[in-house]
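This note comments on the structure shown below, point by point. It takes up helix contacts, nonpolar cores, aromatic pairs and the surface in turn.

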Amino acid sequence: MGNRLSEQTPILSGISPFHALHIAILGLDCAGKTTVLYRLQFNEFVNTVPTKGFNTEKIKVPLSSKTVTFHFWDVGGQDKLQPLWKSYTRCTDGIVFVVDSVDAERMEEAKTEMYKITKNSENQGVPVLIVANKQDLRNSLSLSEIEKLLALNELSSSTPWHLQPTCAIIGDGLREGIENYMI
């Protein structure tokens with residue numbers, strides 16, 4: 001589904017096992033960013049509250065070929081925090097952009113914010129994993145609808161991306177997304 005990562009060199013190729021990849025987790029408020037972070041860290045659901053700044057965790061994620069250390073920065077998605085996102089994406093190895101698959105009304109806003117980040121000159125060439133969260137819910141948009149609403153095919157050719165269906169509460173799709181995104 002709309003994966004341009006195969007055209008790019010994976011960011012894990014040649015990485016030292018002692019190096020942690022800096023990954024920013026961004027998205028609108030209530031999309032499930034913190035749930036994604038703590039599902040990856042603890043491999044279980046953690047009840048969260050809205051992030052009023054950021055959460056940061058260093059997490060070793062066992063992938064099919066090796067264990068990789070990620071330094072995740074989960075940044076709040078409220079309107080007042082969105083201008084700060086560029087500070088967290090400076091010198092980042094990747095961006096995880098979480099969207100609420102049920103919230104069709106805010107897809108245009110999510111698209112606008114995602115484009116602001118990916119068009120920043122410092123983020124050219126940085127891979128973007130778009131996490132289509134809440135795919136377990138009855139009213140969730142399909143991946144093709146999300147791809148169209150976010151205009152993913154219009155992203156710069158220098159921005160490799162992958163759209164991954166997930167349910168962060170139970171963890172479905174998260175590790176697969178990280179593997180497809182990084183390897």
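1. Glutamate 113 and lysine 116 lie three residues apart in helix α3, so about one helical turn separates them. Their side chains meet in a salt bridge, with N to O at 3.2 Å; a salt bridge here is a side-chain nitrogen of Lys or Arg within 4 Å of a carboxyl oxygen of Asp or Glu. Glutamate 113 is buried, at a relative accessible area of 9%, whereas lysine 116 is exposed, at 52%. Buried means under 20% relative accessible area, exposed over 50%, and partly exposed in between, with a 1.4 Å probe and protein chains only. An α-helix has 3.6 residues a turn, so residues three or four places apart point the same way.

2. On the basis of the note: this is a predicted model, in which local features need pLDDT of at least 70 and side-chain atom pairs count only at pLDDT 80 or more, while totals for chains, interfaces and linings use all residues. Residues are numbered from 1 along each chain as its sequence is written, and side-chain values use heavy atoms, with hydrogens and water left out. Helices (H or I, at least four residues) and strands (E, at least two) are DSSP runs, numbered from the N terminus.

3. Salt bridges that share partners join Asp29, Arg106 and Glu109 into one network.

4. Glutamate 108 is partly exposed, at 47% relative accessibility. The whole structure has six salt bridges.

5. Which residues touch the most other members of the largest nonpolar core? They are Val99, Ile130, Ile146, Leu150, Leu152 and Leu163, out of 26 residues in that core. At least two residues each come from β1 (20–26), β4 (94–100), α3 (107–119), β5 (128–133), α4 (143–149) and β6 (161–165). Helix α3 gives the most, with five residues. A nonpolar core is a set of buried Ala, Val, Leu, Ile, Met, Phe, Trp, Tyr and Cys residues joined through side-chain atoms within 4.5 Å.

6. There is a second, separate core of 22 residues, which includes Ile23, Tyr38, Ile59 and Ile178. In soluble globular proteins, nonpolar side chains tend to be buried together.

7. Helix α1 is mostly covered, with eight of its 10 residues buried. Among the buried residues of α1 are Lys33, Val36, Leu37, Tyr38 and Leu40. Asparagine 43 follows α1 and has a positive phi, near 55 degrees.

8. The structure contains two aromatic pairs. Tyrosine 38 and phenylalanine 42 have ring centres 5.9 Å apart and planes at 15 degrees, so this pair is stacked. Rings of Phe, Tyr and Trp (its six-membered ring) pair if their centres lie within 6.5 Å; planes under 30 degrees apart count as stacked, over 60 as edge-to-face and the rest as tilted. These two residues are four apart in helix α1, and so about one helical turn separates them. Tyrosine 38 is buried, at 14% relative accessible area, while phenylalanine 42 is partly exposed, at 44%.

9. Phenylalanine 70 and phenylalanine 72 form a stacked aromatic pair, 5.3 Å centre to centre with 25 degrees between the planes. Phenylalanine 70 is buried, at 0% relative accessibility, and phenylalanine 72 is also buried, at 0%.

10. Phenylalanine 45 is in the loop between α1 (33–42) and β2 (54–62) and is partly exposed, at 40%.

11. Arginine 138 lies in the loop between β5 and α4 and is exposed, with a relative accessible area of 80%. Arginine 138 and valine 102 are 36 residues apart in sequence, and 8.4 Å apart in space from C-alpha to C-alpha.
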